[in-house]
Amino acid sequence: MNHYTDMVIDDIKLRTNINNEDFITLPEITKLSGYFYDEEVEIVVEIVNETYKNPDCGYMWVIAEIDNKPVGFATYGKVPGSLHSWDLYWIVTGKSLKGCGIGKKILNFVEAEVVKNGGKILIAETSGRELYADTRAFYIACGYTLEAVIKEFYGPYDDKIFYVKRLST
């Protein structure tokens with residue numbers, strides 16, 4: 001049993017900056033989540049690197065920490081050419097911490113930041129694989145609506161599914 005299981009959600013601290021340790025910890029969290037292919041983990045490495053080198057590159061981050069150790073993160077940004085639509089590029093929590101409220105706390109923060117920056121629509125894309133059934137249920141439980149499906153986008157039997165939340169300003 002994980003000692004975080006009985007934690008209070010208020011013990012989770014959020015930060016928005018990328019630091020040196022994130023080059024290792026964020027890809028590690030992504031890999032250990034059990035959801036992502038190796039090439040997807042490499043994408044996390046690339047965007048951490050891009051953001052570290054150029055904080056104004058367009059990727060916004062929120063990193064959840066317990067005892068100063070990252071346990072989840074999200075990255076998001078405004079859709080270029082849109083007045084008020086934003087993409088949730090990644091939201092990842094440690095596999096052993098699923099169901100502890102970390103993802104919800106991260107997503108609530110992202111939604112508030114999007115609204116603060118004039119956003120009205122937040123788009124979350126995910127896989128149609130059975131592995132992602134809990135991810136899709138998470139988005140629905142958080143008030144997202146299924147808006148579109150592209151059949152076999154990622155590969156055979158792996159659809160790309162778009163969930164959208166219209167945010168109150």
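Begin at a pair of bridged residues: select Ile 66 and Lys 69, the latter being the bridge partner of the former in β3. This is a predicted model, in which local features need pLDDT of at least 70 and side-chain atom pairs count only at pLDDT 80 or more, while totals for chains, interfaces and linings use all residues. Residues are numbered from 1 along each chain as its sequence is written, and side-chain values use heavy atoms, with hydrogens and water left out.

**The hairpin**

Strands (E, at least two residues) and helices (H or I, at least four) are DSSP runs numbered from the N terminus, and two strands pair if DSSP finds at least two bridges between them. Glu 65 also has a bridge partner in β3, namely Pro 70.

Now go to the turn. The hairpin of β2 and β3 has 2 residues between the strands, and Asp 67 in the turn shows a positive phi of about 55 degrees. Select Asn 68, which lies in the loop between β2 and β3. Its phi is positive too, at about 65 degrees, although Asn 68 is not a glycine. Asn 68 counts as exposed, at 72% relative accessibility. The classes are buried for under 20% relative accessible area, exposed for over 50% and partly exposed in between, with a 1.4 Å probe and protein chains only.

How many of the 7 residues of β2 are buried? The count is 6, so β2 is largely enclosed by the rest of the structure.

**The whole sheet**

Step from β2 to β1: 3 bridges join these strands, which run antiparallel. Arg 15 has Ile 63 in β2 as its bridge partner.

Then show every strand. The open sheet has 7 strands in the order β1-β2-β3-β4-β5-β7-β6, with mixed pairing. At the edges stand β1 (13–15) and β6 (145–155), each with a single partner strand, so one side of each has no neighbour in the sheet. On average, neighbouring strands of this sheet are turned by 25 degrees against each other, direction ignored.

**Helices on the sheet**

Select residues 102–116. This is helix α3, which lies across β1, β2, β3, β4 (85–93), β5 (121–127) and β7 (158–166) and runs at about 160 degrees to β4. Angles run from 0 to 180 degrees between N-to-C directions, and axes are lines fitted to C-alpha atoms, for helices over the stretch in contact.

Next take residues 133–141, helix α4, which packs on the sheet and touches β4, β5 and β7; its direction makes about 160 degrees with that of β5. Within α4, pick Thr 135. Thr 135 counts as buried, at 18% relative accessibility. Not counting residues up to four places away in sequence, Thr 135 touches Tyr 35 and Thr 126, where contact means heavy atoms within 4.5 Å.

Select Tyr 157, in the loop between β6 and β7. Tyr 157 has a positive phi of about 60 degrees although it is not a glycine, and it is exposed, with a relative accessible area of 72%.

Move on to Val 164 in strand β7. Is Val 164 buried or exposed? At 7% relative accessibility, Val 164 counts as buried. Leaving aside neighbours within four places in sequence, the contacts of Val 164 are Ile 121, Leu 122, Ile 123, Gly 143, Tyr 144, Thr 145 and Glu 147. For a distance check, Val 164 and Phe 138 are 13 Å apart, C-alpha to C-alpha, and 26 residues apart in sequence.

**The α1–α2 pair**

Finish with residues 22–32 (helix α1) and 38–53 (helix α2), which pack at an angle of about 150 degrees with their axes 9 Å apart. That makes α1 roughly antiparallel to α2, a term for angles over 145 degrees.

To see the contact, display Asp 22, Phe 23, Leu 26, Pro 27, Thr 30 and Lys 31 in α1, which meet Asp 38, Val 41, Val 44, Val 45, Val 48, Asn 49 and Tyr 52 in α2.

In α1, the buried residues are Asp 22, Thr 25, Leu 26, Pro 27, Ile 29 and Thr 30. They pack against β1, α2, β2, β3 and β4.

How values were computed
Angles under 35 degrees count as roughly parallel, over 145 as roughly antiparallel, 65 to 115 as roughly perpendicular and the rest as oblique.
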